[in-house]
Amino acid sequence: MILPIVTYGDPILRKKCNNVKEITENIIILINDMFDTLKNTGGVGLSANQVNIPLNIFIVNYEYNDDFISKVFINPNIIEYSDDKQISKEGCLSFPSLYDDVSRSSSIKIEYQDIDFNNKVDHYSGDIARIIQHEYDHLKGVLFIDKINPLKRKIISSKLKSILKKKIHTNYLIK
Ligand code: ZN
C-alpha cells in the first residue's frame, strides 16, 4: 500500500524515533508499504517518520551502474564516519522540488538489524553511504536543510515557505 509522505513543517520530522523491540506482523506490513511508497515516488530512501511512524526504520532502494541496494535498516547506528567528505546535490521526499549541495562522509560503517532481527555490520561508500547518512539523520530529527550552508539556506527560504504553505492547504482540504 502506498502511504502519504509528510512534508516539511510536520513536527514528526523533528522527532527522535524509537527503537523497534520485535518484528511483528505490523512492522513487516509497514516495511512493505514503505517499499511500495518509495518505488512509487522514484526516490532512493525513506525513513519511517516520513510516513508518520516514529520508529527507527529506514529503507534504501538504489541502482546505478554496478551499485545496487534494496534493503531495510532497523535500529541503525552509524559507528564510523570517514574524515574524507564529498559534496553532492541532495533532495528529500519531504521537500518537494528542493535540491542543494550537502557535504557527507565518503564512507561509513553502520550496525543495524535486518528483517529477521539479526545484528549486522556493513561498510558503505559513495552514493549509498550518502543516502544512508541522509535517512539516518531523519531518525534523529535532522533534515538535509540543516546541513546546507547558512547563506544558501537564505536563498532557499522562499522555497521552504512555499512547501509550508502547501502543507497548510492540504490540512485545510482534509478538514
Ligand atoms: Zn529525506
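Trainee: Why is asparagine 56 called buried?

Mentor: This is a predicted model, in which local features need pLDDT of at least 70 and side-chain atom pairs count only at pLDDT 80 or more, while totals for chains, interfaces and linings use all residues. Residues are numbered from 1 along each chain as its sequence is written, and side-chain values use heavy atoms, with hydrogens and water left out. Buried means under 20% relative accessible area, exposed over 50% and partly exposed in between, with a 1.4 Å probe and protein chains only. Asparagine 56 has a relative accessible area of 10%, so the residue counts as buried.

Trainee: Where does asparagine 56 sit, and what is asparagine 56 in contact with?

Mentor: Asparagine 56 lies in the loop between strand E1 (45-47) and E2, where strands (E, at least two residues) and helices (H or I, at least four) are DSSP runs numbered from the N terminus. Contact means heavy atoms within 4.5 Å, and, leaving aside neighbours within four places in sequence, the contacts of asparagine 56 include Cys17, Phe73, Pro76 and Leu139.

Trainee: What makes the pair of phenylalanine 73 and tyrosine 124 edge-to-face?

Mentor: A pair of aromatic rings is described by the distance of the centres and the angle of the planes. Rings of Phe, Tyr and Trp (its six-membered ring) pair if their centres lie within 6.5 Å, and planes under 30 degrees apart count as stacked, over 60 as edge-to-face and the rest as tilted. By this rule the count comes to five aromatic pairs. In phenylalanine 73 and tyrosine 124 the ring centres are 6.0 Å apart and the planes stand at 70 degrees, so this pair is edge-to-face. The pair links distant parts of the chain, with phenylalanine 73 in strand E3 and tyrosine 124 in strand E7 (residues 119-125), 51 residues apart. Phenylalanine 73 is buried at a relative accessible area of 0%, and tyrosine 124 is buried at 12%.

Trainee: Which residues do ring pairs link into a cluster?

Mentor: The cluster consists of Phe58, Phe73, Tyr112 and Tyr124.

Trainee: Which residues touch the most other members of the largest nonpolar core?

Mentor: A nonpolar core is a set of buried Ala, Val, Leu, Ile, Met, Phe, Trp, Tyr and Cys residues joined through side-chain atoms within 4.5 Å. The largest one has 17 residues, of which Phe58, Val60, Phe73, Ile110, Tyr124 and Ile132 touch the most other members. Strand E2 (57-64), strand E3 (67-81), strand E6 (107-113) and helix H2 (126-139) each supply at least two residues, and H2 gives the most, with six.

Trainee: Which atoms coordinate the zinc ion?

Mentor: The zinc ion is coordinated by Cys92 (SG), His134 (NE2) and His138 (NE2), at 2.0 to 2.2 Å. Donors are N, O and S atoms within 2.8 Å of the metal (3.2 Å for Na, K and Ca), and water is not among the atoms, so sites may look incomplete. Along the chain the donors follow the spacing C-x41-H-x3-H, and cysteine 92 in strand E4 (residues 85-92) is 42 residues apart from histidine 134 in helix H2.
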